[in-house]
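Visitor: I would like to learn how to read a model of this kind, feature by feature. Could you take me through the one shown here?

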Number of protein chains: 2
Amino acid sequence: MEERQISKAVIKRLPRYYRYLGEILNSGVERISSGELSSKMQVTASQIRQDLNNFGGFGQQGYGYNVKYLYDEIGKILGVNQKHSMIIIGAGNFGHALANYDFEKNGFVTKAIFDVRPELAGTLVRGVPVLMMDQLESYVRREQIEIAVLTLPKSRVAEVADRLVKCGIKALWNFAHLDLIVPDGVVVENVHLVDSLMQLSYRISHYDGNEE
Amino acid sequence: MEERQISKAVIKRLPRYYRYLGEILNSGVERISSGELSSKMQVTASQIRQDLNNFGGFGQQGYGYNVKYLYDEIGKILGVNQKHSMIIIGAGNFGHALANYDFEKNGFVTKAIFDVRPELAGTLVRGVPVLMMDQLESYVRREQIEIAVLTLPKSRVAEVADRLVKCGIKALWNFAHLDLIVPDGVVVENVHLVDSLMQLSYRISHYDGNEE
């Protein structure tokens, strides 16, 4: 499939399409019109057609979309048709919560959790071993880890990100409330919870509806 | 201050301005040019001028921005100059992690955590009491809770959201991986972790740089 330059807004919507199509597929539906998908997703049918047209002709006039096909194609575009190996840095509350989350069904496999506290060495969180930070580089290289989840204190994140970049990490999923500076080629995706809460508080006082 | 209609893109950037200005303020700097702010934030100076012009004339030609003034004004716009009362529904791993997070310094005060497990009744998480779900409505009304954080299983979220809406909650901060349908006037802000991971995996295979 030939790919065009796709806008960031469309990419942000893709995981949501993927989720809805997965649910529709699970409910046994084989094909769906953009109108039906539109009413389920609370997005206009024309937006759906436009978005999906970015990826070539999934839909057919009068037939609608083949749910399984569309689901699989979006999965491929998102890269969730293949496994991604992941480590979590920081075995604190967030590290634990993320280790217990079932990301594996979407292909994200947590292989280890790293921490500095010796008393945690060798313990397991949902079957995932806690390793010590001095093993970080050798582990990342040996296991060809793609993604590191950063749930450690703000003051230590930059240094750890540097170490990860040096041993070839592809992506940092950053939960610390700061912006990381990384070399070209390394992906940083931030989950800034405080920013999300501030947008929520903005919207409480300037309510103008909910939308995706 | 008169407010114009502000685009969602600008609003998304405001918490980041607020964070940087807070750090600049803490470091003792009283005024800053859009050029200096631009190099710190890795955003173009013209974007900064455009964004901040939405809120009237904070900057003065040849002087730059008064950091404290701008910080306070953005804080007011975001609504973080006042306290917001918050409850967490679900005392699982995520509920614990969020209860332990210091949102209070930005004005978000967690008053209670709700769960269904009787063995948790009356326990404390970082000083915050765990209450039982049958106390939910009376507590939200009596304490005039504004924000409910939803960290409970997907299958139970819709029902609990309904109960919260009926007792006058203003906003739902939703961590469950589904879209909530709420009446007009109730704000829903989602933290969809799986979607964030999928965007990360998309970007691993279609790298085009990091930006805010």
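Guide: We shall go from the whole chain to a helix, a sheet, a single residue and the contact between the chains. Please keep in mind that this is a predicted model.

Visitor: Into which domains is chain A divided, and how many helices and strands does chain A have?

Guide: Chain A is divided into domain 1, residues 8-78, and domain 2, residues 84-195, and the C-alpha centres of these two domains of chain A lie 32 Å apart. Chain A has eight helices and ten strands, and its C-alpha atoms fill a box of roughly 60 × 45 × 35 Å along the principal axes. Of its 212 residues, 38% count as buried.

Visitor: How should I read a helix, and which residues of H4(A) are buried?

Guide: An α-helix has 3.6 residues a turn, so residues three or four places apart point the same way. Helix H4 of chain A, residues 67-78, has twelve residues and reaches 16 Å from its first C-alpha to its last, close to the 16 Å expected at 1.5 Å a residue. The buried residues of H4(A) are A:Val67, A:Leu70, A:Tyr71, A:Ile74, A:Ile77 and A:Leu78. Seen down the axis of H4(A), these buried residues fall within an arc of 125°, so they line one face of the helix.

Visitor: What do the buried residues of H4(A) pack against, and what follows the helix?

Guide: In chain A they pack against helix H1 (8-26), strand E1 (31-32) and strand E3 (64-66), and they also pack against helix H8 (193-205) of chain B. H4(A) is followed by A:Gly79, whose phi is positive, near 80°.

Visitor: How do I read a sheet, and in what order do the strands of the open sheet in chain B stand?

Guide: Strands of a sheet pair through backbone hydrogen bonds, either parallel or antiparallel. In chain B, seven strands form an open sheet in the order E6-E7-E5-E4-E8-E9-E10, with mixed pairing. Strand E6 (124-125) and strand E10 (187-190) of chain B stand at the edges, each with a single partner strand, so one side of each is left without a neighbour in the sheet. Strand E8 of chain B, residues 147-150, and strand E9 of chain B, residues 171-174, pair in the parallel sense over four bridges, and B:Val149 stands opposite B:Trp173 in E9(B).

Visitor: How are the two copies related, and how many residues does the contact take from each chain?

Guide: Two copies of a chain are related by a rotation about an axis and a shift along it. Here a rotation of 180° with 0.0 Å of shift along its axis superposes chain B on chain A, with an RMSD of 0.0 Å. The two copies are thus related as by a two-fold rotation axis. The same surface serves both copies, in that 100% of the contact residues of chain B recur in chain A. The contact takes 49 residues from chain B and 49 residues from chain A, and the largest share of the side of chain B that touches chain A, 13 residues, comes from H8(B).

Key:
Residues are numbered from 1 along each chain as its sequence is written. Chains are lettered from A and ligands numbered from 1 in the order in which they are written. This is a predicted model: local features need pLDDT of at least 70, side-chain atom pairs count only at pLDDT 80 or more; totals for chains, interfaces and linings use all residues. Domain bounds come from an automatic or database domain assignment. Copies are superposed by least squares on the C-alpha atoms of residues with pLDDT of at least 70 in both. Two residues are in contact if their C-beta atoms, placed from the backbone, lie within 7 Å. Helices (H or I, at least four residues) and strands (E, at least two) are DSSP runs, numbered from the N terminus. The expected span of a helix is 1.5 Å times one less than its number of residues. A residue is buried if 20 or more other C-beta atoms lie within 10 Å of its own, exposed if 12 or fewer, and partly exposed in between; C-beta atoms are placed from the backbone. The arc is that of the directions from the helix axis to the C-beta atoms. Two strands pair if DSSP finds at least two bridges between them.
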